[in-house]
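Work through the following exercises with the structure open beside you, and try each task before reading its solution.

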Amino acid sequence: MTLAEPNVPICQSCNMEMFEDSDFGTEANETLSVDYCTHCYQDGAFVDPDLTIDQMSAIASDFIEADNVTMAEAKAISKAILSNLKRWQ
Ligand SMILES: [Zn+2]
């Protein structure tokens, strides 16, 4: 897994790009998760199974840094992105 990889996998829970093995979550059998990052998924389960898409979009909106974007707009943008991910289908 290198930065030159054309299709960087993204976490299907929080949209984080996963570059290194240490970025990936782990399954119960200690293999790496193909879908989720280490912050979201460990030992075959979500770290915070009760998290809602609204809560996640509030967290994710902190990573949207742009001028003239309000917090509400940032949340709406992140929710639109997150709603395409496997966890939130
Ligand atoms: Zn994640």
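Predicted model: local features only at pLDDT ≥ 70, side-chain atom pairs only at ≥ 80, totals over all residues.

Residues are numbered from 1 along each chain as its sequence is written.

**Exercise 1.** Locate Asn15 and Asp43, and decide how exposed Asn15 is and how exposed Asp43 is.

*Solution.* Begin with Asn15, which is not a glycine and yet has a positive phi of about 75°; its place is in the segment before strand S1 (24-26), a strand being a DSSP run of E with at least two residues, numbered from the N terminus. Next, count neighbours: a residue is buried if 20 or more other C-beta atoms, placed from the backbone, lie within 10 Å of its own, exposed if 12 or fewer, and partly exposed in between. Asn15 has 17 such neighbours, so it is partly exposed. Asp43, also with a positive phi, of about 55°, lies in the loop between strand S3 (41-42) and strand S4 (45-46), and because its count is 12, Asp43 is exposed.

**Exercise 2.** Describe how the axes of helix H1 (residues 53-60) and helix H2 (residues 71-82) are arranged.

*Solution.* Helices are DSSP runs of H or I with at least four residues, and their axes are lines fitted to C-alpha atoms over the stretch in contact, with angles from 0 to 180 degrees between N-to-C directions. The axes of H1 and H2 come within 8 Å and cross at roughly 120°. Angles under 35 degrees count as roughly parallel, over 145 as roughly antiparallel, 65 to 115 as roughly perpendicular and the rest as oblique, so H1 and H2 are oblique to each other.
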